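Dear colleague,

Please find below the structure that I am handing over to you. My notes on what was found in it follow directly after.

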Amino acid sequence: MRTAFIDRIYEASFVPDLWPGILSELAEMTESKGGLLLSTKEKTLNWTASDSVYSAFDEYLKGGWFRRCGRRVCLLEKAHSSFLTELDYWTEDEIQNNDIYQDFFYPRDLGWSAGTGLIMPTGDHIVVSVERTHDRGPIEGPFIETLNELRPHLARAAMIAARMGLQTATTARDAFSKLSVPVILLDLNGTGVESSGEVDTLSDAIMWGANDRLALKDSDANELFQAALGSLDKRSAVQSFAIRNDEGRPAYVAHLVPVSGSAHDIFAKGYALLVFNPIDLKARPSTDLLRSLFDLTAAEASVARELGAGVPVEKIAENGGVSINTVRTQVRKIIEKTGCSRMPEVVSLISNLTLPH
């Protein structure tokens with residue numbers, strides 16, 4: 001685990017000037033030319049890139065290529081908890097005959113990428129990608145595995161950065177204002193140091209103990225939260241989890257985001273931020289969001305999706321070409337990561353969060 005690099009990823013949540021360097025390191029890890037972070041919400045677009053590809057993507061966005069290119073749409077529509085290459089959604093013939101690739105990417109010494117799309121309940125659509133030269137060829141499986149190991153951290157940091165509009169906060173209050181969702185700044189002991197005004201809406205989800213120590217009313221979510229808080233420096237626990245209301249239905253998704261590096265200048269007394277995204281069950285999040293929330297592996301995410309659709313374990317194993325014991329092991333991991341106690345609770349949770357396909 002690249003702990004120091006992950007720390008810098010979280011630092012970039014609030015210090016967007018660090019993203020070009022982060023993206024450059026991702027590119028080096030995958031033998032790529034550069035990296036891109038892009039977020040859209042309604043008509044607002046914010047983006048940044050490593051220096052090596054910045055000018056190309058500046059032209060890509062300003063020259064109208066972005067609006068014509070289907071790559072971002074494919075990444076978001078795939079709703080997959082993994083980084084994908086072009087070959088995951090297009091054939092080689094389709095790539096070779098793609099005008100955007102022929103007329104824009106190839107002449108600029110680009111043409112292969114690995115990207116992931118994130119659809120957040122706040123309405124933000126986010127893409128993180130690494131960009132490789134056409135001559136080097138498609139990004140290989142071991143590099144995709146490296147990106148997928150980092151994906152949960154990239155997703156949380158990119159979510160914060162997107163909400164911030166890729167702007168630097170000057171104070172905690174400034175950050176809270178930009179985020180516009182309930183946020184609680186915590187110290188090492190889980191004591192609330194400061195919070196946003198939106199926290200007043202969380203009376204159904206949180207409670208305060210002795211010395212302003214925070215706890216979640218959902219006991220399963222609270223167990224995950226306390227474990228994450230206790231091992232945040234090791235990155236060994238689930239850092240995103242659903243919080244259920246009194247009826248047992250998901251009401252919020254909480255993300256525990258460490259305060260790292262120069263972000264301490266903004267949150268001087270803080271150890272971590274607990275960021276709450278309210279869930280609108282009338283417009284339920286995509287499957288990809290569910291997968292991202294619980295830090296599921298690609299295999300676990302696939303199983304979770306099938307469970308939510310009511311597919312029995314035996315059929316999931318048959319469809320995936322694996323043993324029933326393998327699927328049962330994955331189900332146990334899903335139960336653990338979602339804070340559920342048994343499989344029917346997982347099925348209920350996923351069916352409440354997943355859009356019909």
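The buried residues of helix H2 pack against helix H1 (3-12), strand E1 (34-41), strand E2 (44-49), helix H3 (51-62), strand E5 (125-132) and helix H8 (141-163). Here contact means heavy atoms within 4.5 Å, and buried means under 20% relative accessible area, with exposed over 50% and partly exposed in between (1.4 Å probe, protein chains only). Helices (H or I, at least four residues) and strands (E, at least two) are DSSP runs, numbered from the N terminus. H2 itself covers residues 19-29, and its buried members are Trp19, Pro20, Ile22, Leu23, Leu26, Ala27 and Met29. Just after H2, Glu31 adopts a positive phi of about 50°.

Please note that this is a predicted model, in which local features need pLDDT of at least 70 and side-chain atom pairs count only at pLDDT 80 or more, while totals for chains, interfaces and linings use all residues. Residues are numbered from 1 along each chain as its sequence is written, and side-chain values use heavy atoms, with hydrogens and water left out.

Two further residues deserve a note on their backbone angles. As background, most residues other than glycine have a negative phi. Asn211, which is not a glycine, has a positive phi of about 60°, and Asp212 likewise shows a positive phi, near 60°. Asn211 is found in the loop between strand E8 (206-208) and strand E9 (214-216), and Asp212 lies in the loop between E8 and E9 as well. Asn211 is exposed, at a relative accessible area of 69%, whereas Asp212 counts as partly exposed at 45%.

As to the chain as a whole, the secondary structure comes to 15 helices and 12 strands. The radius of gyration of the protein chain is 20 Å, close to the 21 Å that the globule rule gives for 357 residues, so the chain is as compact as a globular protein of that length. That radius is taken over C-alpha atoms, and the globule rule is 2.2 Å times the number of residues to the power 0.38. The C-alpha trace spans about 65 × 55 × 35 Å along its principal axes. Of the 357 residues, 56% are buried. Among contacts with a separation of 6 or more, 60% join residues 24 or more positions apart.

Which residues does Leu76 touch, not counting those up to four places away in sequence? They are Gly117, Leu118, Ile119, His125 and Ile126. Leu76 has its place in helix H5 (residues 71-78) and is buried, with a relative accessible area of 11%. Its C-alpha atom is separated by 19 Å from that of Asn98, 22 residues apart along the chain.

Finally, the structure holds zero disulfides, a disulfide being a pair of cysteine sulfur atoms within 2.5 Å.

Yours sincerely,

A colleague
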